2 protein chains.
Amino acid sequence: MTREVQPRSATRLDSYVDRYAARTKGMTASEIRALFAVASRPEVVSLAGGMPNISGLPLDVVGGAIYDLVRTNGPAAMQYGSGQGDPTLRDQICDVMRLEGIDAHPDDVVVTVGSQQAVDLVTRIFCDPGDVVICEAPSYVGALGVFRAYQADVVHAEMDEHGLVPDALRQAIAAVRASGRRIKFLYTIPNYHNPAGVSMAPQRRAEVLEICREADILILEDNPYGLLGFDDEPHRALRADEAEGVIYLGSFSKTFAPGFRVGWALAPHAVREKLVLAQESATLCPPSFSQMAVSSYLANHDWQGQVKQFREMYRERRDAMISALEDLMPAGARWNVPDGGFYVWLTLPHGLDAKAMLPRAVTARVAYVPGTAFFADGFGAQSMRLSYCYPTPERIREGVRRLVGVIEEELELRETFGTIAGEPHGSVERGYESPNTDLS
Amino acid sequence: MTREVQPRSATRLDSYVDRYAARTKGMTASEIRALFAVASRPEVVSLAGGMPNISGLPLDVVGGAIYDLVRTNGPAAMQYGSGQGDPTLRDQICDVMRLEGIDAHPDDVVVTVGSQQAVDLVTRIFCDPGDVVICEAPSYVGALGVFRAYQADVVHAEMDEHGLVPDALRQAIAAVRASGRRIKFLYTIPNYHNPAGVSMAPQRRAEVLEICREADILILEDNPYGLLGFDDEPHRALRADEAEGVIYLGSFSKTFAPGFRVGWALAPHAVREKLVLAQESATLCPPSFSQMAVSSYLANHDWQGQVKQFREMYRERRDAMISALEDLMPAGARWNVPDGGFYVWLTLPHGLDAKAMLPRAVTARVAYVPGTAFFADGFGAQSMRLSYCYPTPERIREGVRRLVGVIEEELELRETFGTIAGEPHGSVERGYESPNTDLS
């Protein structure tokens with residue numbers, strides 16, 4: 001079929017530019033987004049994306065389970081469902097959370113369109129413009145985007161190799177309150193942090209819970225990677241020790257597959273009621289078909305055995321990345337060794353700027369996400385997130401080799417001409433003391 | 001498995017009550033929602049819901065198409081996709097819209113989680129608190145909920161049997177502008193209106209477009225029922241004659257099945273870019289699996305033949321409802337005869353209040369939605385929405401019989417005691433002149 005309408009130029013004027021809501025000014029294309037177009041070219045080794053590698057999923061099992069679902073329960077799977085989500089799936093979600101020590105009732109679970117939508121709905125019901133969300137430094141780029149879209153202010157609190165630093169949290173709370181602003185919640189990713197790659201130590205968890213209890217601050221615990229540890233039993237969730245003060249977010253995107261967009265929020269009862277109203281307003285209900293497909297997969301397949309396979313695959317890739325970094329990286333670069341999840345946080349030798357360097361890296365056919373994407377305040381230019389979840393071990397090593405080539409060129413330029421891209425930006429404006437972007 | 005946590009009482013205090021965002025005050029359970037629990041009991045004939053009847057869908061065809069999808073394209077269907085939606089599906093969506101005279105490019109389409117999410121995203125990018133959305137009187141309850149959740153003010157403009165009344169639109173625009181407020185868009189359902197059951201006449205369409213062009217007002221054209229006309233070719237969309245000033249919303253919920261939650265927005269290019277950013281913030285991307293399942297169904301099945309079957313089924317049910325109303329309703333009740341879609345708008349004899357009468361109707365085992373649900377200003381108490389989409393013709397007739405019994409009791413009470421439930425509420429506060437809730 002011919003299309004008579006031509007694609008329009010992206011550069012023409014936007015006749016609606018004066019009519020958007022104030023919040024829309026905060027909706028800008030993220031640094032990750034701009035990268036996707038380039039990084040998806042086959043010749044580029046992308047260490048940028050956070051796509052899980054689902055090639056190990058048994059397609060015949062999944063296809064068969066969904067075929068049976070349509071044949072036996074198609075009219076329900078294809079109909080509108082409850083705004084809160086499918087009751088059977090919510091029951092299974094409680095079984096999943098039990099692996100992290102959470103004892104919950106399915107009545108307090110709300111199914112969402114991926115856990116991204118859970119972040120959106122929680123922010124929607126809590127945040128007025130100018131309210132403050134405390135986030136780790138660095139924090140998940142997708143959550144920062146949500147907070148910005150609701151015109152909430154992000155205040156970062158430092159992390160180290162044991163996760164969020166309690167004293168930094170105390171200082172952030174005190175500073176925000178001294179400024180007269182309201183803190184709506186602490187957003188934290190305790191396990192296999194995106195992008196920092198670290199987990200919150202057990203003693204830290206107790207301390208963070210205690211600080212938030214005392215300061216009467218709600219915790220938003222985002223946990224997409226909790227079952228993807230390489231060595232240990234799953235860490236105990238913050239929610240396991242505090243039911244009233246924590247909203248817990250989970251997802252099947254990394255333990256099963258992201259294309260169904262099934263995540264959830266577990267919330268105190270009154271908050272749960274608001275979340276359901278927000279969900280009904282946003283979508284009427286999450287997709288019945290997706291939910292019942294996930295439910296059917298969980299019921300008919302050894303999903304925990306599958307997660308074990310995923311963990312082994314990701315560990316092998318983590319090993320490939322770490323050994324390549326150890327073999328090839330020049331002195332002065334520092335990184336952490338994650339014990340689960342998808343990410344390594346790498347800090348460049350002093351004076352290098354990961355954001356400024358990115359175009360040269362892409363020219364050298366390797367992509368990463370500059371650290372600035374993970375800060376609301378421009379910090380992080382000396383760092384980058386490297387993900388090992390998607391490429392093969394061979395490609396990971398090749399990607400690191402290319403990256404090292406670019407870094408070495410930058411170092412040579414720096415020696416020849418002095419600082420090449422200026423000091424990392426944002427180092428003056430940042431709202432916290434000495435954030436540690438070296439998490440190793 | 002035993003559950004050690006008890007379900008909590010819904011009546012306990014909400015310890016978060018002082019912390020919600022201002023917008024959350026506008027999120028309250030709708031009248032439709034409160035009805036669902038009652039109306040879903042099997043002994044109740046529900047003329048309340050808007051669920052399409054999808055029992056005619058060929059489950060073997062759908063199941064087979066999805067099985068093939070998983071086997072041949074599973075890794076893509078289960079992976080993250082584009083925030084804008086699947087390119088193949090967006091191409092097919094353009095073919096669907098062509099049936100209503102729309103010549104569009106897939107690059108201007110954004111896939112959403114049902115068209116409900118499209119209403120949410122459009123409102124998100126355009127409406128600051130206090131901005132005005134002009135809506136028909138009555139209007140879709142789910143859209144009114146979105147506008148309330150974004151703290152936009154709804155101003156109604158009268159409809160009659162030919163749809164939105166141009167003079168009422170002119171007056172609403174003038175009144176809002178005189179008050180110094182900003183109009184962000186006109187929200188309209190031109191075809192087989194929910195809940196009014198009427199379609200906008202062709203001459204009206206040209207006039208409404210001209211008024212909005214002249215006043216520089218964006219039109220949000222919501223069209224879930226456009227292909228479900230009983231007699232005619234599909235009406236020509238407003239978007240077919242105005243590309244820059246109209247955002248068009250479509251859905252597969254009524255032409256295929258709602259459980260996939262696949263709808264879309266077709267928007268001017270610059271607006272489309274904002275919608276994609278809003279979608280990425282809200283969900284990262286709409287569900288790949290749902291989109292590819294719908295795409296596969298469209299490609300491998302005579303979906304237009306299926307829609308023809310749906311139309312014949314709904315016409316039979318419309319006939320059953322209209323003939324029952326004609327046979328049984330007492331003098332003074334008035335209703336329209338829809339030529340498509342799911343709904344009849346019925347206005348009770350003078351002095352009766354549909355909202356006050358509802359508990360008695362449910363006791364008599366019939367449910368409907370009181371007209372007040374479809375007004376932002378409390379108007380509509382004398383009217384109700386009756387839907388004929390889901391029950392069988394026999395059940396529809398039985399439902400009308402029960403409803404007539406309740407109305408006759410009310411009339412008797414009124415004769416004996418005078419007005420029983422007060423005059424319809426809201427008749428003083430409404431913000432427009434003489435809205436016509438009698439659309440017949």
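**A residue in a loop**

Modeller: A:S139 is found in the loop that lies between β3 (132-137) and α5 of chain A. Please keep in mind throughout that this is a predicted model.

Biologist: Is A:S139 buried or exposed?

Modeller: A:S139 counts as buried, because 27 other C-beta atoms lie within 10 Å, and the cut-off for that label is 20 or more.

Biologist: Which residues does A:S139 touch, leaving aside those up to four places away in sequence?

Modeller: With those set aside, A:S139 touches A:L144, A:Y187 and A:F374. As for A:A354, that residue is 215 residues apart from A:S139 in sequence, and the two C-alpha atoms are 17 Å apart in space.

Biologist: Changing topic, how many residues does α12 of chain A have, and what span does it reach?

Modeller: Helix α12 of chain A, residues 393-417, has 25 residues and reaches 36 Å between its first C-alpha and its last, which is close to the 36 Å expected at 1.5 Å a residue. The helix is followed by A:G418, whose phi is positive, near 80°.

Biologist: Which residues of α12(A) are buried, and what covers them?

Modeller: The buried residues in α12(A) are A:I396, A:G399, A:V400, A:R402, A:L403, A:I407 and A:E410. Their cover includes β1 (45-46), α10 (303-328), α11 (354-363) and β12 (366-367) of chain A.

Biologist: Now the two chains together. How many residues does the contact take from each chain?

Modeller: The contact takes 72 residues from chain A and 72 residues from chain B. On the side of chain A that touches chain B, at least two residues each come from α2 (59-77), α4 (114-126), α5 (141-149), α8 (269-283) and α9 (288-300). Of these, α2(A) gives the most, with 10 residues.

Biologist: And how do the residues on that side of chain A divide by type?

Modeller: The side of chain A that touches chain B divides into 39 nonpolar, 19 polar and 14 charged residues.

Biologist: Why do you say the copies meet through the same surface?

Modeller: Because 100% of the interface residues of chain A are also interface residues in chain B, the copies meet through the same surface.

Biologist: Last topic, the open sheet in chain B: what is the strand order?

Modeller: The open sheet has 4 strands, in the order β10-β11-β14-β13 of chain B, and the pairing is antiparallel. Its edge strands, each pairing on one side only, are β10 (334-335) and β13 (369-370) of chain B.

Biologist: How many bridges does β14(B) make with β11 and with β13 of chain B?

Modeller: Strand β14 of chain B (residues 383-387) pairs with β11 of chain B (residues 343-347) over 5 bridges, whereas β13(B) and β14(B) pair over 2 bridges. Within β14(B), B:M384 is the bridge partner of B:L346 and also of B:P370, while B:S387 is the bridge partner of B:Y343.

Biologist: Which residues of β14(B) are buried on each face?

Modeller: On one side B:S383, B:R385 and B:S387 are buried, and on the other B:M384 and B:L386 are, so that both faces of β14(B) are covered. That accounts for 5 of its 5 residues.

Key
Residues numbered from 1 in each chain as written. Chains lettered and ligands numbered in written order. Predicted model: local features only at pLDDT ≥ 70, side-chain atom pairs only at ≥ 80, totals over all residues. Expected span 1.5 Å × (residues − 1). Buried ≥ 20, exposed ≤ 12 C-beta atoms within 10 Å, placed from the backbone. Contact = placed C-beta atoms within 7 Å. Nonpolar A, V, L, I, M, F, W, Y, C, P; charged D, E, K, R; others polar. Pairing = 2+ DSSP bridges.
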